[in-house]
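Please open the structure in a viewer and keep the sequence at hand.

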Amino acid sequence: MPGPLIAPSILSADFGRLADEVAAVTEAGADWIHLDVMDGHFVPNLTFGPKIVAAVRGASPLPFDAHLMVSRPDDWVQAFRDAGADSVTLHAEAVQHLHRSIQGVKQAGARAGVSLNPHTPLSVLEYVLDDLDLVLLMSVNPGFGGQSFIPRTLDKIAALRKMIDARGLDVDIQVDGGVNTRTVFEVARAGADVFVAGSAVFGARPYAAAISAIRDLAREGLEARAAASKAASVGA
């Protein structure tokens, strides 16, 4: 069973020493660096652009995971790829031609992801799921860090896991919002395998202990899901 991937979100880092923070969570055992990009239009907050990503790219060899919470994401894909993003995730709610936008990410040479807000149904993915490398399910309404996890997201994660497994696809399920030691077990048991954690990592010390605690609970959730799946197959 692949281990869970922990992606600290630099939205919760100390921006006055951002490169040092990226290096610190890398050394502490993070798997990805998650970049929450906000434009003040699609979401009510403003964070950073590609120049900041390029400035801290040298601080870590880890994959940089750009989550574009912006109104015109197609216009920014190449810029974030050029800045060092390895994956680029677009919001389905922010684009008019989702398939075309996904192909644009791939043409830029990045792994392609689509994010869904809490109210957005999985049905929007039906005809593009095979083209994706990851799906990011928002478990809070996007725009700010430190929000509480929306419990109904667990049903959505489980339904997406069934969709992916039924097609035999290798698509990551990433969850962002309120992921911490109180929620990550259930998130993993529902079917996620990549866990974005902001304040749960950057608001804790030491970072290595925070990441390890989240990873251990996520692994327990993955093991519980695998055991339940095995039991169901035997029962059938």
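Which exposed residues does the face of H5 turned away from its buried side carry? The model on display is a predicted one. To find the answer, select residues 153-167, which form helix H5. On the face turned away from the buried side of this helix lie Lys162 and Ala166, both exposed.

Next, colour the buried residues of H5, namely Thr153, Lys156, Ile157, Leu160, Arg161 and Ile164. These residues lie on the same side of H5, because they cover an arc of only 140 degrees around the axis.

With H5 still selected, consider its length. The helix has 15 residues, and the distance from its first C-alpha to its last is 21 Å, close to the 21 Å expected at 1.5 Å a residue. Then step just past the end of H5 to Gly168, where phi is positive, at about 65 degrees.

Now move to helix H4 by selecting residues 98-107. Its buried residues are Leu98, Ser101, Ile102 and Val105. They share the same side of H4, because their arc around the axis is only 100 degrees.

Finally, select Gly109, which follows H4 and has a positive phi near 90 degrees.

Terms used. Residues are numbered from 1 along each chain as its sequence is written. This is a predicted model: local features need pLDDT of at least 70, side-chain atom pairs count only at pLDDT 80 or more; totals for chains, interfaces and linings use all residues. Side-chain values use heavy atoms; hydrogens and water are left out. Helices (H or I, at least four residues) and strands (E, at least two) are DSSP runs, numbered from the N terminus. The expected span of a helix is 1.5 Å times one less than its number of residues. Buried means under 20% relative accessible area, exposed over 50%, partly exposed in between (1.4 Å probe, protein chains only). The arc is that of the directions from the helix axis to the C-beta atoms.
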